[in-house]
Each structure stands twice: as structure tokens, then as C-alpha cells.
Amino acid sequence: MLEVMFGASVGDDVFGEDPSINELESFTAEMFGMESSVFCPSGTMTNQVAIKCHTQPGDEVICDVSSHIYQYEGGGIAFNSGASVKLLYGDKGRITAQQVVENINVDDVHKAHTSLVSLENTSNRGGGSCYEIEEIRKIKNVCDENNLILHLDGARLFNALVEKQQSPKEYGQLFHSISICLSKSLGCPVGSLLLGKKAFIKKARRVRKAFGGGMRQAGYLAAAGIYALKNNVERLKQDHDHAKQIAEALRKKDFVNEILPVETNIIIFAVKQPWTAKSFVEKLKESGILGHPISTTQVRLVTHLDITPVMVEKTIEVITKL
């Protein structure tokens, strides 16, 4: 990846003159069967640009309570778009078509105007849980029947595609816009893309500029993205296998209270006394293993392409001895 970055052809992306950026955007749009795409520095930006383009101030966005767009984007829905949020309590981050139906506001001046539904696949706080494609189709039908926009926060979409043996083009047919990250398990240093129709992406470029996301010689980053999409997708299966191995070791420990089902590359588990999430993560760090306390009792571990089988064996050995 680093070698192709060094050899990238670059130009001014704000003027549409960076050949590597243009190649990445065209390649990704074609992959999903969508008309166009735009490169941004982060998944937070692609999500926030999409919400800004899809809504008007005073609108309401339907999403799961654990959604990244609500929990981890700095209040951006309110700050950037002046929109409110209808929070649903789904199953490990996944909402249903019936929930969407029940939470569309009536046409009443006292109510916010429901305009956008946002799904997250895989769900970060859901432990890397994946949507079933049939449920997404049901949600799309509800959106079509009620004139709603459907957006996908696909930060880890490729993990879901590999695990569920689904195709990008299936998703391109279901969503009005899709955000994908290149800097998660695909291994790029920086970058996300927002995909949609040409008119939508034209508007998104204007919003990206206003958000400070216009870049100049960004092709060095795009070259990494092209390499990742061509070489690092199928290998995600190894990350999923590694996560399941670690989860199995955790299940054998009496200090582990609960483990969310491990479908992809995220392991979320709760510890009990004498451990707290913070103290457990600190103990792992003594052995060079990095985790993240996401509550007072819950720990998150994530596998990715820099985690080797030897590292997994070591992690299991350390857990076993605790």
C-alpha cells in the first residue's frame, strides 16, 4: 500500500484534477452500482455531509440509539443540520421496518418533519452485528411508501458483505446514499467515501467544502484506497475468525459477565468484580494488548489486518492466565 501511495499521480481535488481521487471515486461508484461518489477525510464527515444534504433545519432523523451518527459525531446532526433525532431501541444496533413505521411523525405543525432514516452496518456498539438484507428491503419499502430518504453508515460495510456473502450492488440498489470507510479493517491511513446519485454528490461536494473537507493533492490517500478495495476485502474473513477465537477464550472466564454475539471483527464483553472495564484494559496493556473501555463494565476489542495469528495466540494466552 505504501509503495502505491509513493507512486500516485496527484492534482488538485477541489478542482477535480486529481487523477487518483477521480479513479477511486469512479471505482467505488461502479462497485456499488451507484452514479457517483465523493472522497472525504473521515466517516464522520461523509455521514454529516449526507445528513446535511438530505434534511432541512427542523427535520427529524430516525436511527438506533447506539448509532455512530448520534453517539460519536459530536452532536453533528444538531450542530451541522439543525435536525432532531428519533432514537429507536433496536436489537444490537439494528432497527426494523415495523419500528420505522411506528416512529414516522404525522403531518402536524407541532411535530418535526420526519425525512431521513439512517442504518449502521455493521453496528459498532452492537458488537459488529450485521443486518439481514431482507430487513433492509422492508425498511426501504417503508421509506418509499412514506417519501423518506434512506442512508447507510457503512463504516464497516465490507465486514458485513464478507460475513453475509452479500454484494455491494445489492446495497447500491437499496440506499439513497452510502458512507464507507477505508480506514477501518481495510487498512488505509485516512479516508471515506460518500456514494449516491450525481445531483446528490454535486451538492455533497459543496457541503464538503463548507465543512472544510476539500483537499488538494489527496491522491496519495486515494491510491491507498484503491489498493485496499482491490486487495484487502476478502481477507476480512481472517479478522472475523480471529475475533471469534478471542471471544471463545473469554467465554471460559468466570469474570466475564456477558459477550455480545461475535459476527465480524468486534468483541464487546462485560466484566465483573474484581475487574472494571478500565482496570481490565490496563491489565491487557501490560502485555502489549490494546482494548477500549466503552462503559464502566464493558470492553471492546477489535481485530484488523495488523493483528496476526501469533498476536491472537498471545491474547488468548494472556486471557487464559487471568
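Which residue's side chain does a polar contact of 2.9 Å join to the side chain of E60?

What we have here is a predicted model, where local features need pLDDT of at least 70 and side-chain atom pairs count only at pLDDT 80 or more, while totals for chains, interfaces and linings use all residues. Residues are numbered from 1 along each chain as its sequence is written, and side-chain values use heavy atoms, with hydrogens and water left out.

Back to the opening question. The residue is N105, joined to E60 by that 2.9 Å polar contact between side chains. By polar contact I mean a pair of N or O atoms within 3.5 Å; within protein, one must be able to donate a hydrogen and the other to accept it, and residues adjacent in sequence count only if both atoms are side-chain atoms. The side chain of N105 has another such contact, of 3.1 Å, with the side chain of K86. You will find N105 in the loop between α6 (97-102) and β4 (113-120). Helices and strands here are DSSP runs numbered from the N terminus, with at least four residues of H or I for a helix and at least two of E for a strand.

Is N105 buried or exposed? With a relative accessible area of 17%, N105 is buried, because buried means under 20% relative accessible area, exposed means over 50%, and partly exposed is in between, using a 1.4 Å probe and protein chains only. Setting aside residues up to four places away in sequence, N105 touches E60, K86, K111, A112 and T114, where contact means heavy atoms within 4.5 Å.

Now to the sheet. Seven strands make an open sheet in the order β1-β7-β6-β5-β4-β2-β3, with mixed pairing; strands pair if DSSP finds at least two bridges between them. At the edges sit β1 (36-40) and β3 (84-88), each pairing on one side only. From one strand to the next, the twist averages 20 degrees, using axes fitted as lines to C-alpha atoms, for helices over the stretch in contact, and angles from 0 to 180 degrees between N-to-C directions. Our friend E60 turns up again here, standing opposite S84 in β3. Strand β2 (residues 59-64) and β3 run parallel, joined by five bridges.

Next, the inside. The largest nonpolar core has 49 residues, and those touching the most other members are F32, V117, L119, I139, F158, Y171 and I178. A nonpolar core is a set of buried Ala, Val, Leu, Ile, Met, Phe, Trp, Tyr and Cys residues joined through side-chain atoms within 4.5 Å. Helix α11 (residues 219-231) gives the most to this core, with six residues. There is also a second, separate core of 24 residues, which includes A247, V271, A277 and V318.

How many aromatic pairs are there? The count comes to six, taking rings of Phe, Tyr and Trp (its six-membered ring) with centres within 6.5 Å, and calling planes under 30 degrees apart stacked, over 60 edge-to-face and the rest tilted. One of the six aromatic pairs is F32 with F158, edge-to-face at 6.0 Å centre to centre and 70 degrees between the planes. This pair links distant parts of the chain, with F32 in helix α2 (residues 19-32) and F158 in helix α8 (residues 157-164), 126 residues apart. F32 is buried at 0% relative accessibility, and F158 is buried at 5%.

Why is the pair of F269 and F280 edge-to-face? Because their ring centres are 5.6 Å apart and their planes lie at 85 degrees. F269 belongs to strand β9 (residues 266-271) and F280 to helix α13 (residues 277-285). Both F269 and F280 are buried, and together with F255 and W275 they form one aromatic cluster.

That brings us to β9 itself, where six of six residues are buried. Strand β8 (residues 256-259) runs antiparallel to β9, with three bridges joining them, and I259 stands opposite F269. β8 and β9 form a hairpin with six residues between them. β9 also pairs with strand β11 (residues 298-302) in the antiparallel sense, over five bridges, where A270 stands opposite Q298.
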